[in-house]
Structures are given as C-alpha cells and as structure tokens.
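Hi,

Here is the model we talked about handing over.

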Amino acid sequence: MTTPSQIRTRFAPSPTGYLHIGGARTALFNWLFARHHGGTFVLRIEDTDEVRSTHDSVDAILNSLRWLGIHWDEGPETLEKDRGPYAPYFQMKRLDSYRAFARKLLEEGRAYPCYCTKEELEEMRRLAQLEKRPPRYDGRCRKLADEKRREFEAAGKKAVLRFRMPDEGATTVPDLIRGNVQFENALLQDFVIMKASNVPTYNFACVIDDHAMEISHVIRGDEHLSNTPSQLQIYKALGFEPPAFAHLSMILGPDGAKLSKRHGATSVLEYRDQGYYPKALRNYLALLGWATAESQELFGEEELFRKFSIEGCQKSPASFDPAKLLWMDGEYLRKLPTPELLDAAKPFLEKAELWGKPGLEKVAALEREKYKLLSDVPKLLDFFYKDDLDWTEKAKRLVGDGSRGMLGDLAAELSKLDSFTAKPLEDTIRGFCAARSLKTSQVFHPLRAAVSGRTEGPSLFDMLEALGREKVIERLRKAVHPN
RNA sequence: GGCGCGUUCGUCUAGCGGCCUAGGACGCCGCCCUCUCAAGGCGGAGACCACGGGUUCAAAUCCCGUACGCGCCA
C-alpha cells in the first residue's frame with residue numbers, strides 16, 4: 001500500500017478551449033483527493049494537439065483554476081514558467097522522453113511503423129463495416145518486410161508508430177468507482193502512439209507522464225474508461241507500475257443531454273463574469289457526482305478536504321442544475337461580511353460606477369440577504385446614488401394623484417425632523433398615519449416608491465436614513481411635482 | 001456495428017438484504033413572520049426505486065435478461 005504522503009493526483013487538460021464545467025469538476029476532485037490524503041496535486045498541460053492547442057487556452061485554464069481557488073502544487077505558473085520537481089509540465093516540452101520510450105518499444109518489437117495512408121485506412125474501415133466487423137486497424141503493417149519498409153521510406157512515405165496489442169487474453173481495469181472492468185484484448189486495436197509528425201498521441205503521452213511524474217491516482221472523466229485498457233498495455237510493455245484509476249461520471253445539462261452551450265454557460269470564466277462567487281461554484285461542483293452519507297450541501301474548504309472520498313463518488317451521470325447553483329451562491333453571499341462582499345463585488349461595482357461611493361457599505365448591508373450573485377450588488381443599490389430614478393410601472397402607479405398630496409404633507413413633516421435616523425423616522429411616519437387615520441400601508445408603499453422608484457427594497461426607515469434628509473426631501477418633492 | 005458504463009422524486013442525492021408505508025437538498029405550492037421584496041420558520045405536492053424474470057422467510061439493495069441513455073473505437 002502506498003503511504004498517504006505518496007498520493008499524487010493530476011489534472012491534465014488539453015489547451016484547446018476554455019476550461020468548462022466538467023473539466024473544473026475533474027480538477028476539483030483530483031485536488032480534493034490529494035488534499036484529503038495530504039498528497040500532491042499536479043497540473044499538466046497536454047498540448048500535443050498541434051493544431052488546436054493555443055496559448056490563450058492555457059491562460060484561460062490557469063485563470064479559471066485560480067479563480068475557483070483550486071491550487072496546484074506542481075505545474076505551470078505561466079506559459080513560460082513551471083514550478084515543481086518534475087518540470088516541464090507542458091507535454092510539448094517533453095517530446096524527448098516520449099520519443100525515447102517509443103524507440104524502446106520499437107526496438108523491442110512492441111511497436112511498429114505503419115505507412116498506411118488515410119485513404120487506405122478509410123477503405124479498411126468501410127470494408128469492415130460492410131462485413132459487420134468492428135472498424136479497426138487490421139494490423140497489416142505489423143509484418144512489413146524490411147525491404148518494403150525501405151521502399152516506403154525511399155518514396156518519402158510518412159510513418160506513424162503503432163503499438164502492438166496482444167491478440168489474446170483480456171485486460172482488466174481496476175477502477176476505484178466502478179470495480180473491475182474487463183476488456184477483450186482481441187477487440188483492442190494497434191493504436192497509434194506516435195504521429196507522423198513524431199509527436200505522441202494522447203494515450204501514449206499520458207502514460208509516460210503519469211509514470212514519470214509518479215502519479216498514484218488517475219481521476220478523470222468517464223470518457224477515458226474505454227481507453228484505459230490500451231494504456232494499461234503500454235504500462236505493461238514498458239514495465240511501469242500503473243496508477244490507480246477512478247473514472248468519474250459525466251456532467252449532463254438540465255435536460256439530460258450532454259452539457260453544452262445550449263444549456264447556458266459552460267465555461268468557468270463565464271460564471272465569474274456573471275457574478276458567481278467562486279467558492280459557491282466550487283461547492284456546487286463538488287456535489288456533482290459526489291455526496292456524503294448525510295447528503296450534506298454546504299461545506300467549508302477544510303471540511304471538503306476532510307470529507308471528500310472516492311467512495312462517495314457516483315457512478316451515474318449528474319445533471320447540472322443552474323437553479324441550485326444560484327441558491328448556493330446566495331447562501332455563500334449571505335454569510336459574507338459586508339466588506340468582503342463589497343470586495344468580491346468590486347468589478348461589478350466599478351462597472352456600475354458605484355465603487356468608492358460614500359456610505360456604500362451601509363447601503364449594501366441593507367440588502368444583504370437578497371444578493372444571489374455578486375452582480376446583484378450594484379443592481380440592488382444603484383437607486384441610492386442615482387439622480388434620475390428608473391421608475392417601475394408599479395411604483396409610478398403608487399405615487400399617482402391619489403397620494404401626491406399626502407406625500408407632500410409628509411415631506412413637510414419629515415423636513416422638520418431633528419434626527420433623520422430610523423427610529424425617529426418610524427415614529428414620525430407612524431404618527432402621521434395615526435393622525436390621518438391612514439393605514440400604514442397607504443403611506444409606506446407610496447413613500448417607498450417615491451424615494452426609490454420601486455416597490456421592493458430594504459426596510460423603509462433604514463432606507464430613508466441611509467438616503468439622508470436631503471435626498472429624501474428632494475425625491476419626495478420631485479415625485480409630488482413632476483416638473 | 002462492436003465493446004464498455006449507467007438507470008432512486010423535475011434536478012442533486014441518501015440507501016450498500018429486514019430500521020424504507022424510501023430520508024435530505026434545490027425548485028414548486030401553501031401558511032406564518034412582516035412596511036415591500038427577500039431571508040427565516042412551518043407544512044404540502046412530488047419516486048409503484050427503468051422494465052421483466054429469478055435468489056431469499058424478506059430486495060431499491062444480490063443474480064440474469066430487456067429497454068433506454070451515454071461513452072470509446074472509426
């Protein structure tokens with residue numbers, strides 16, 4: 001058995017786009033597992049897809065993970081800089097190692113060059129389908145005579161390197177989540193390990209690196225389960241001790257289809273831009289495909305580390321539920337002390353030109369249990385600072401002809417108030433109602449509408465106090481005498 | 001097409017042979033609190049545990065099929 005200190009997990013994304021929700025969840029589980037065992041979490045960039053990999057994607061992935069607060073112990077710091085004893089962490093910087101192992105397999109007869117063209121391969125596939133055989137490579141280049149090989153080389157034909165699969169027996173994938181999963185070797189094909197460009201394929205490079213980086217647990221998406229027996233054969237051929245595997249169920253959209261743009265945001269950074277609180281998203285993601293025996297919902301960071309386990313991982317796919325995420329976000333924001341909340345909402349406040357406004361903290365505190373997103377903060381309090389209110393239809397109706405006179409009188413009374421604070425305001429206004437035999441609602445609602453332009457908002461008297469005498473009187477005056 | 005994986009309220013899930021007339025959470029509905037909106041409290045609707053066979057005194061839980069969904073190979 002490995003001792004806890006030897007636990008090493010990794011997240012190995014391909015930089016071919018933004019980091020999506022599913023990838024983030026995989027990264028998160030690897031991180032949690034490593035932390036739970038006091039191990040190490042490695043980030044490795046699998047950029048061997050020469051045409052689709054971009055530097056922007058690397059940046060997006062690093063930024064997404066940082067924003068989510070998923071900290072890697074080893075891996076790239078920036079595009080240029082790595083940190084950790086197994087550097088580099090970009091596969092394209094590790095080509096020598098793949099080539100060396102490929103050569104070894106070639107020399108030992110475990111791999112062979114294949115000169116088949118795209119056309120030949122397609123023909124092979126077509127024929128197989130016609131004969132209702134699995135459409136796999138038929139191994140024709142396995143027994144290519146040396147002279148034939150030289151002939152191809154002379155003709156300038158490019159070769160890929162294929163791994164020679166055993167023809168018989170079965171390969172068992174011991175999976176921590178799914179148990180032992182068996183695959184017939186005869187059904188596995190001689191897959192390409194090195195492309196014609198002398199760059200390794202995913203299935204080869206990741207074996208070499210997981211071994212080189214001493215990864216103890218490969219926790220990854222379910223879509224890799226079918227590739228695992230092929231990888232296991234590479235481990236065997238090279239005499240490597242394979243890591244433990246755990247294949248996570250996929251994340252689906254709310255309708256049960258594969259999560260895609262159609263369902264709304266799929267990129268982590270989109271959630272940031274919409275105003276989600278990173279710890280809330282992280283908490284929500286942890287619950288997609290994992291649960292405790294108590295079905296606990298909200299976790300502190302340390303608590304997540306402590307309670308996370310592979311045993312709690314779900315076999316069946318999980319649907320992403322935006323409504324629950326939104327609830328959870330509100331749950332986190334409500335717990336946040338106001339200064340921290342404002343700090344987190346800073347980008348949104350800045351955009352609304354509210355950052356640094358006087359009394360912001362006081363005003364923000366009045367609405368604190370209502371924010372579901374950080375972007376709600378400016379939305380819910382901008383009326384405090386606006387000169388021209390955005391009147392809602394409902395609010396307009398409330399300050400109609402029926403209540404103008406009353407509001408005018410009330411304004412006169414309020415302007416005489418010594419202390420413009422909640423308690424005296426409440427006493428005065430309630431007294432005003434009593435003196436005129438008005439129901440409080442007949443006064444409170446039009447008053448709220450008149451000073452805020454809306455019918456929803458903070459507690460009336462706190463709101464009046466926060467607005468201050470000048471603004472309240474001014475707004476009442478404007479409401480009573482619209483131009 | 002072959003192989004593989006999966007299937008408990010709309011959704012996330014608890015459950016690992018008797019405690020289940022299936023528990024929690026989100027969402028939905030109602031009531032309470034209340035100056036509005038929220039938040040909070042209380043309650044409700046909502047799952048014949050995909051279907052069909054077994055095994056067993058007893059199955060959501062074990063076994064075998066079927067269906068459906070998904071993945072991989074191309």
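To start with a cysteine: is Cys141 buried or exposed? Cys141 is buried, at a relative accessible area of 4% (buried means under 20% relative accessible area, exposed over 50%, partly exposed in between, with a 1.4 Å probe and protein chains only).

Some housekeeping before the rest. This is a predicted model, so local features need pLDDT of at least 70 and side-chain atom pairs count only at pLDDT 80 or more, while totals for chains, interfaces and linings use all residues. Residues are numbered from 1 along each chain as its sequence is written, chains are lettered from A and ligands numbered from 1 in the order in which they are written, and side-chain values use heavy atoms, with hydrogens and water left out.

Back to the cysteines. The structure has zero disulfides, a disulfide being a pair of cysteine sulfur atoms within 2.5 Å. For Cys141, the closest cysteine sulfur is that of Cys116, and at 3.6 Å the two are too far apart for a bond. Cys433 is buried as well, with 2% relative accessibility.

Next, the strands and helices. Both are DSSP runs numbered from the N terminus: helices are H or I with at least four residues, strands E with at least two. Two strands pair if DSSP finds at least two bridges between them. Here is what I noted:

- β1 (residues 8–11) and β2 run parallel and are joined by four bridges; Arg8 has Thr40 as its bridge partner in β2.
- β2 (residues 40–43) is covered on both faces, with Thr40 and Val42 buried on one side and Phe41 and Leu43 buried on the other.
- β5 (residues 111–114) runs antiparallel to β6 (residues 160–163), again with four bridges, and Tyr112 is partnered with Arg162 in β6.
- β6 also runs antiparallel to β9 (residues 192–194), through two bridges; the partner of Leu161 in β9 is Met194.

Gly22 sits in helix α1 and is buried, at 16% relative accessible area. Its C-alpha is 8.3 Å from that of Thr266, although Gly22 and Thr266 are 244 residues apart in sequence.

Now for the charges. A salt bridge here is a side-chain nitrogen of Lys or Arg within 4 Å of a carboxyl oxygen of Asp or Glu, and by that rule there are 33 of them. Arg35 and Asp73 make one, with the closest N and O atoms 3.0 Å apart. That pair links distant parts of the chain, 38 residues apart: Arg35 is in helix α1 (residues 21–36), and Asp73 is in the loop between α2 (55–68) and β3 (75–76). Arg35 is partly exposed at 25% relative accessibility, and so is Asp73 at 28%.

Another salt bridge joins Asp209 to Arg94, where the closest N and O atoms are 2.8 Å apart. This pair also links distant parts of the chain, being 115 residues apart, with Asp209 in helix α6 (residues 202–212) and Arg94 in the loop between β4 (82–83) and α3 (95–107). Both Asp209 and Arg94 are buried. Salt bridges with shared partners tie Arg10, Arg44, Glu46, Arg94, Asp209 and Asp210 into one network. There is also a salt bridge between Asp273 and Arg272, at 3.1 Å between the closest N and O atoms; Arg272 is partly exposed, with a relative accessible area of 33%.

Finally, the RNA. There are 47 residues around RNA strand B, and Arg125, Arg178, Lys370, Arg448 and Gly457 come nearest (near means that a heavy atom of the residue lies within 4 Å of the strand).

Helix α11 gives the most to it, with four residues. As for individual atoms, a polar side-chain atom of Gln189 lies 2.9 Å from a sugar or linking oxygen of RNA strand B, and one of Glu297 lies 3.1 Å from such an oxygen.

Cheers

Note on methods: Polar contact = N/O pair within 3.5 Å; in protein donor to acceptor, adjacent residues only side chain to side chain.
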